[in-house]
Amino acid sequence: MAEKKTKGKKKTATAEAVTESAAESQETGRTTGEGAAPTGEAKEDFQALQRRREDLALDVTRAFPDKYRISGEMEGCSDAAKIDLLERLVRTRTFDARMRRLFRQGRFEGTYYSQIGQEACDVVIAAQLEKTDFVGPSHRDLGASVGKGIPLTALAAQVYNRVDSPDGGRYTACHYWHPEYWVMQPSTSIMMNWIAATGAAFGFKMLKKKGVAVAFGGDGATAHGDFHEGCNFAGVHRLPIVYIIQNNLWAESLPLSLTTALTDLAHRADAYGFPGVTIDGNDVISVWNTTRKALQRARGGDGPTLIEMKTYRWFGHSDIDPADYRSEDEVEDWTERDPLPRYVAWLMENEVLDEERLEGIRQAIRQEVEQAVEFAEASARPEPEAFLSEVFVHEYPGFDVRAGR
Amino acid sequence: MAAITYIDAINRTLHEEMRRDDTTFLIGEDTGIYGGVFKATRGLLEAFGPERVIDSPISESLIAGMTVGAAMVGCRPLPEIQFADFISPAFDQIVQQLARYRWRTNGTYAMPVTIRCPWGGGVGGGVFHSQSNEAWFMNVPGLVMVAPSTVRDAAGLLRAAIRSDDPVLYWEHKKLYRSIKDDLPEGEEIVTEIGRAHVAREGGDVTAITFGYLLHETLKAAEALSGDGIEVEVIDLRTLLPLDTPTILESVSKTGKAVVIHEAPKVGGIGGEIAAILAEECFWELDAPVRRLTGFNTSFPAAKTMEDYYMPNAGEIAAALRATAET
Ligand SMILES: Cc1ncc(C[n+]2csc(CCOP(=O)(O)OP(=O)(O)O)c2C)c(N)n1
Ligand SMILES: [Mg+2]
């Protein structure tokens with residue numbers, strides 16, 4: 001008991017320290033020397049680079065080349081909805097950057113899959129969904145969960161594998177899901193969610209329930225047979241589903257040119273008899289308008305749409321991957337195409353947003369993220385035996401979960 | 001009352017259960033318009049329409065995997081794999097997703113899915129239409145497997161599987177489809193409890209443990225041995241996963257001797273699991289080594305001469321049982 005108490009105290013103390021350091025880093029735009037001391041020179045460079053890039057990611061008002069300016073109108077999107085969308089984007093990014101740092105500090109086990117750079121692809125469509133619409137995310141879809149409104153506390157607990165994660169810590173970190181929000185639990189085995197979401201869309205149709213499904217996959221995942229089997233079936237049955245490919249040009253270390261001979265993955269839809277569209281996944285306006293139409297099609301009984309969103313993951317496949325197979329120039333270019341500053345600039349130009357309001361939003365979200373971190377760190381680690389349940393619904397005379405021990 | 005075949009029992013039960021529960025749907029290859037390559041699903045399309053009876057493209061991964069999402073939104077899916085041999089493309093979806101989903105989500109979702117798999121040899125099908133590949137799934141937590149050996153259990157286990165909230169692989173033996181008949185009163189809702197083996201014949205000298213078509217060969221063997229004063233207790237496993245350990249142990253504790261008989265190759269087969277259970281749980285009751293009489297450690301051959309040689313038959317089974325009984 002005494003030991004437990006000490007542990008709890010220690011945890012809180014560290015959580016505070018972490019909070020302070022983060023707040024400081026965000027205010028000054030610099031980081032203090034967090035985490036374990038780097039050993040080699042290379043490691044120091046790597047850590048410094050990561051931090052610099054995270055700081056960049058958090059600076060959503062920074063300048064970018066004119067050619068990346070976005071324009072047009074977001075159809076059927078009120079000013080309030082535009083701001084709401086911004087909040088969800090900033091919430092996703094802030095949470096993501098925070099988790100990256102916590103991972104490097106060794107605050108949780110396993111690894112971390114960052115979505116930084118790709119948020120618009122997830123958040124914009126998820127924010128348009130009804131709570132009971134079905135989302136089939138993959139391993140890099142934090143934004144789908146944040147976009148659909150899952151509280152950050154639950155997501156942080158998932159990252160930490162704590163008892164307050166929706167699966168009580170037994171599944172896999174970063175594989176965000178929540179039953180109340182109808183975001184299914186992603187399967188680490190690539191493209192299972194694609195098929196499951198297709199099945200959910202079928203279920204909606206068969207049961208005559210209103211509802212659409214949205215499935216997310218990467219460029220690499222389009223080479224998997226399940227991509228084909230899912231799309232093909234959805235095409236035949238005109239299922240209420242939107243398929244999103246986040247083409248971030250890389251599948252772990254595999255360049256797009258070794259995944260496919262295509263340049264635009266939306267062409268794959270031609271094979272399934274439904275529309276495929278390629279868009280700039282880092283242009284919130286374009287993503288909004290395209291996904292809105294696709295959702296209308298799905299809801300209206302017109303069947304599936306495949307949307308390829310060109311985007312980029314800023315960091316490694318997971319945070320143990322230095323991603324040194326990519327050129328610095330490529331990464332630099334894509335950091336300039338960051339969806340957040342582009343959207344923020346457009347909102348400001350159109351007088352939907354001003355500096356003050358943005359600062360308010362950022363402050364509130366920073367606080368929300370810190371509270372989520374505190375929540376996760378204070379959430380208990382699961383009992384060692386807590387995974388020995390829920391294998392079956394029913395009891396069977398010969399089944400003994402402990403038979404091997 | 002007319003006797004019906006094993007495949008009639010399956011067809012009738014599908015009709016009854018789909019009528020009873022309109023969240024059920026059937027999906028498989030040639031299951032609708034054609035009524036199934038074996039006609040197990042005949043009449044269902046006419047009865048329930050194309051919304052609930054789906055002629056799937058040749059996409060086994062989809063057939064198995066789509067049930068997960070469908071079940072989550074409230075369906076009770078009834079996928080069919082045309083031949084058990086073609087379940088391998090669906091393996092990932094069954095093993096990684098369907099079977100584990102309840103555990104993975106800490107009990108949030110049930111997966112009330114029944115996958116029907118026509119299996120087994122003796123039908124002149126060659127390697128891709130004859131396999132007994134149930135052992136591929138023995139190591140999968142969260143999966144239930146049943147294999148009816150009688151007409152009554154074909155109906156009873158199917159109904160139990162469909163109504164179960166756990167994912168069930170239902171192994172229907174192709175050689176039994178039209179070779180056995182039984183009187184099943186129409187309208188009787190036969191339910192065979194999942195998880196329980198059946199003592200198909202009582203005897204005190206040796207226990208034979210088997211399932212599927214080979215139950216019938218084993219019963220023949222047992223009759224023959226009875227004439228020589230050897231009384232065989234025959235266990236029809238009915239449920240392959242999780243195995244009914246209590247029933248197996250009870251019988252073998254009584255007879256002290258056991259022979260496991262199955263069509264699949266010996267290595268890694270169900271017989272090995274049963275032998276291990278016996279060695280662990282009733283070693284001191286055993287009066288002889290556990291014997292396994294199985295298929296060969298090869299693939300399944302096509303030519304009739306080879307196929308007949310591959311399949312264990314009543315004569316071989318009798319010889320194995322006698323050898324063990326006389327040990
Ligand atoms: C079936 C399967 N094969 C391999 C892996 C290992 N793996 C995980 S993610 C990944 C790359 C995925 O690339 P992409 O689909 O482009 O998504 P991204 O990571 O770029 O978001 C690989 C190979 C896996 N999880 N599942
Ligand atoms: Mg990729």
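Tutor: In this predicted model, 19 residue pairs, both members at pLDDT 80 or more, are in polar contact between chain A and chain B.

Student: What makes such a pair a polar contact?

Tutor: A polar contact requires a pair of N or O atoms within 3.5 Å, and within protein one must be able to donate a hydrogen and the other to accept it. Between chain A and chain B, 19 residue pairs are counted under this term.

Student: Which elements of chain A give two or more residues to the side that touches chain B?

Tutor: They are helix 7 (192-206) and helix 8 (225-236) of chain A. Helix 7 of chain A supplies the largest share of that side, 11 residues.

Student: Why is the pair Glu390(A) and Arg102(B) called a salt bridge?

Tutor: The term requires a side-chain nitrogen of Lys or Arg within 4 Å of a carboxyl oxygen of Asp or Glu. The closest N and O atoms of Glu390(A) and Arg102(B) are 3.0 Å apart, so the pair meets the cut-off. The count between chain A and chain B is 1 salt bridge.

Student: How do you know how much area chain A and chain B bury between them?

Tutor: The size of an interface is often given as the accessible area lost when the parts come together. For chain A and chain B the value is about 3,900 Å², with 64% of it on carbon and sulfur atoms. In terms of contact, 45 residues of chain A meet 51 residues of chain B.

Student: Within chain B, what does the domain assignment give?

Tutor: It gives domain 1 (3-183) and domain 2 (198-325) of chain B. Their C-alpha centres lie 26 Å apart.

Student: How do you know that these two domains of chain B are in contact?

Tutor: Contact means heavy atoms within 4.5 Å. By that criterion, 31 residues of domain 1 of chain B are in contact with 24 residues of domain 2 of chain B. The two domains of chain B bury about 2,100 Å² between them, 65% of it on carbon and sulfur atoms. On the side of domain 1 of chain B, Glu134(B), Met138(B) and Ser149(B) lose the most area to domain 2 of chain B, together 24% of what that side buries.

Student: What makes Asp153(B) and Arg238(B) a salt bridge?

Tutor: Their closest N and O atoms are 2.7 Å apart, and the cut-off is 4 Å; therefore the term applies. The count between domain 1 and domain 2 of chain B is 1 salt bridge.

Student: Which peptide bond of chain B is cis, and where does its proline lie?

Tutor: The cis peptide bond joins Leu241(B) and Pro242(B), with omega about -10°. Pro242(B) lies in the loop between strand 12 (239-241) and helix 8 (245-255) of chain B.

Terms used:
Residues are numbered from 1 along each chain as its sequence is written. Chains are lettered from A and ligands numbered from 1 in the order in which they are written. This is a predicted model: local features need pLDDT of at least 70, side-chain atom pairs count only at pLDDT 80 or more; totals for chains, interfaces and linings use all residues. Side-chain values use heavy atoms; hydrogens and water are left out. Domain bounds come from an automatic or database domain assignment. Buried area is the accessible area (1.4 Å probe) that two parts lose on being put together, summed over both. A polar contact is a pair of N or O atoms within 3.5 Å; within protein, one must be able to donate a hydrogen and the other to accept it, and residues adjacent in sequence count only if both atoms are side-chain atoms. Helices (H or I, at least four residues) and strands (E, at least two) are DSSP runs, numbered from the N terminus.
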